[in-house]
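Look over the structure below.

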Amino acid sequence: MAQIRIENVRKDFGAFNAVKSSTFTIEDGEFFMLLGPSGCGKTTTLRMMAGLELPTSGEIYIDGEEVGMKPASQRDIAFVFQMFALYPHMNVGKNISYPLRSQGMPKAAVKKKVDEIAEILGITDILNKPVGGLSGGDRQRVALGRAIVRDPKAFFMDEPLGALDAEFREHMSEELRALHDRMNATTVYVTHDQLEAMQMGDKIVVMNHGVVEQFGVPQDIYDWPATKFVAQFIGSPPMNFLDFQGMIGKGGTEVQLNDIALNVPQSIDGANGAMSFGIRPEHVRLDDSAAYRGRVKATEYLGTTQIVTLETANGDIKARVASSDKVNVGDQTGLTFDPRTITLFDADTGAALRSQANEGVLIHG
Amino acid sequence: MSFSVTEPTKGTKWFAGILVIGYACITLVPLLWIIATGFKSPADSIAYPPVVVFEPTLEGYVNLFTERTRATPDMLEAAGEPDTWYDAIVQERGTVISGPSRYGERFLNSVIIGFGSTFLCMVLGTMAAYAFSRFKVPLKDDLLFFILSTRMMPPIAVAIPIFLMFRNLGLNDTHLGMILLYTAVNLSLSVWLLKGFIDEIPIEYEEAALIDGYTRFQAFYKVVLPQAATGIASTAIFCLIFAWNEYAFAVLLTSGTAQTAPPFIPTIIGTSGKDWPAVAAGATIFLVPVMVFTILLRKHLLRGITFGAVRK
Ligand SMILES: Nc1ncnc2c1ncn2[C@@H]1O[C@H](COP(=O)(O)OP(=O)(O)OP(=O)(O)O)[C@@H](O)[C@H]1O
Ligand SMILES: [Mg+2]
């Protein structure tokens, strides 16, 4: 098993820059998520780690060894492709044993290993079937079998559940996570689904337009987004932004929105100018006595909670409140914000301002 | 009965069936006529009105494979009872066998040159098509167009330069020369066809093999080749049919050692009168290898001709 380190990795396709300058570290045994919207360079990053694509510049280390220019076959990793890429001219058993046969393992040992893997994945009964007629889930299992049969240093998976139905995804993602916990193999998993990333990952890298926006454990990324992009990409509904012109001094603990003072975590650097006041919907409370006011535009019932959309002087804001709260469209109401959860962003660069609360989290890998 | 968009109605089915059968009859009649003529006597073969029912004889086949000389009655007397059934057939015509004909050799030449060039064409074509499909080849589009452009003029237009070139290189009337020539002519078609087939094979299969510890070349022949089998088979049939039937170059460039069957068959007429049954017998036997090859590969061919539309 292995630690993987990416340093200043860049990838250009001709004039197009797909990955700008990524740096992060995947620790041994971690279930690591590469998360980002379509076209942000997740697959490209993963393929460079696997050796299917050569980086334009930068270094990739597997267990301390620089492998950037090494061919895939020498990196001792396994890759699960989005469409599984099972060899159509071989049956299930042959597919799984294929990586072993490349190492010249004796027949009896291959058979023993394949049977063992089939047992783990629960596909013993289909070993002799052609892969053509398999269901999505079974294809997925065969692809996994082919990956784990070799005991590689790491598993790379490119949207491995992307081809499955929604209800089956849930089940497979649990199976995958259980498999990982059992084998404790370093796993790098690409997805554009933030929920999947939050549920399954030990750590997440969030990418956008070829740039690593943030890198850390799911809870930190959710609570303390490093950029407005991360704040909006993660969470449903996403973080609210109240835009304002104002200032906060070094060590300051409040900002003025329309002359109403709101408490925030203690600022480290201070700032002056256009800013955004970021707050997650679940940290907004409706409180008629509060000074900061809003008008209810819409409500959305979600069972135990409801999402209330309000119009304020600084833009629309969504609040997640209990369904039992009586809220009517058109009501004027006051809003309070849990001051411990607030992140201030520089409105121009989108970067979060450092505060006592998020300081440790914003450091990049 | 319910109406369906995809399922043809009974009437349509009948109509299509009749059309196909009618077309098959039209194309098969000349073929059947040739096969029948091979078993006719010379008189039956030129009878007018043409005879459809006749007494079959192997005379055409015997004449095809033998050289005969006219014998005087004394010579026939001296020869006594014929030793074999084919001696009997020729003696009935007042001739005796003086030796084997050239047909066997020519047929063998056709086999060597036809299958040899097809094989070479497949080896080179598959590798070139793979490179065009998978690698960044500088000037790829121009090269592909150039390759195709070699097919744009009728091959015989370059006959004279090729004749001179072959003479200088000592390739005239050699098996190697003909194999190279047919390979060169067929290569453009096979590169283009095969590139289409290989483009259809998702690149993930090779990448999976690369990651599984195989080299690029192993990935090519263990993963790509088996999946391209359909395309390779149908392309091979096209190449073989061309090389097998080619006449113009064969007339021009071969005369003795490397002569193929197509230029030889017409000369059968000249050697002993209008021997149509022997010509027909030669043509019939000549048809067999391509037919067998095509039938053997027909499963691939049917899938291949739809150019990947069925696969996926
Ligand atoms: N071989 C290539 N040649 C040129 N451009 C490429 C190539 N591969 C990827 N790109 C471009 O690089 C960018 C990043 O692609 P990549 O496949 O890494 O995105 P992704 O994050 O995996 O997106 P998705 O979620 O859609 O899979 C895209 O804009 C894509 O068009
Ligand atoms: Mg991708």
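Ala, Val, Leu, Ile, Met, Phe, Trp, Tyr, Cys and Pro count as nonpolar, Asp, Glu, Lys and Arg as charged, and the others, Gly among them, as polar. This is a predicted model: local features need pLDDT of at least 70, side-chain atom pairs count only at pLDDT 80 or more, and totals for chains, interfaces and linings use all residues. Residues are numbered from 1 along each chain as its sequence is written, while chains are lettered from A and ligands numbered from 1 in the order in which they are written.

Start with ligand 1. A residue is near it if its C-beta atom, placed from the backbone, lies within 6 Å. The residues around ligand 1 include A:F13, A:F16, A:A18, A:K42, A:T43, A:T44 and A:H192. By class, this shell has four nonpolar, seven polar and one charged residues. Which elements of chain A each supply at least two residues of the shell? They are β2 (16-26) and α1 (42-50). The largest share, three residues, comes from α1(A). Helices (H or I, at least four residues) and strands (E, at least two) are DSSP runs, numbered from the N terminus.

Now take helix α5 (residues 166-183) of chain A. The expected span of a helix is 1.5 Å times one less than its number of residues. For the 18 residues of α5(A) that gives 26 Å, and the end C-alpha atoms are 26 Å apart, which agrees.

Which residues of α5(A) are buried? They are A:S173, A:L176 and A:H180. Buried means 20 or more other C-beta atoms within 10 Å of a residue's own, exposed 12 or fewer, and partly exposed in between, with C-beta atoms placed from the backbone. Seen down the axis of α5(A), the buried residues fall within an arc of 65° (taken over the directions from the helix axis to the C-beta atoms), so they line one face of the helix. They pack against β3 (31-35), β8 (186-191) and α6 (194-200) of chain A. Contact here means C-beta atoms, placed from the backbone, within 7 Å. The face turned away from the buried side carries the exposed residues A:E167, A:E174, A:A178, A:D181 and A:R182. After α5(A) comes A:N184, whose phi is positive, near 55°.

Next, the two chains. Their contact takes 17 residues from chain A and 14 residues from chain B. On the side of chain A that touches chain B, β6 (77-80) and α2 (92-102) of chain A each supply at least two residues. By class, that side has 13 nonpolar, four polar and no charged residues.

Finish in chain B. B:R298 is found in helix α16 (residues 298-305). Why is B:R298 partly exposed? Because 13 other C-beta atoms lie within 10 Å. B:R298 and B:S234 are 64 residues apart in sequence and 8.3 Å apart in space, C-alpha to C-alpha.

Methods. Contact = placed C-beta atoms within 7 Å.
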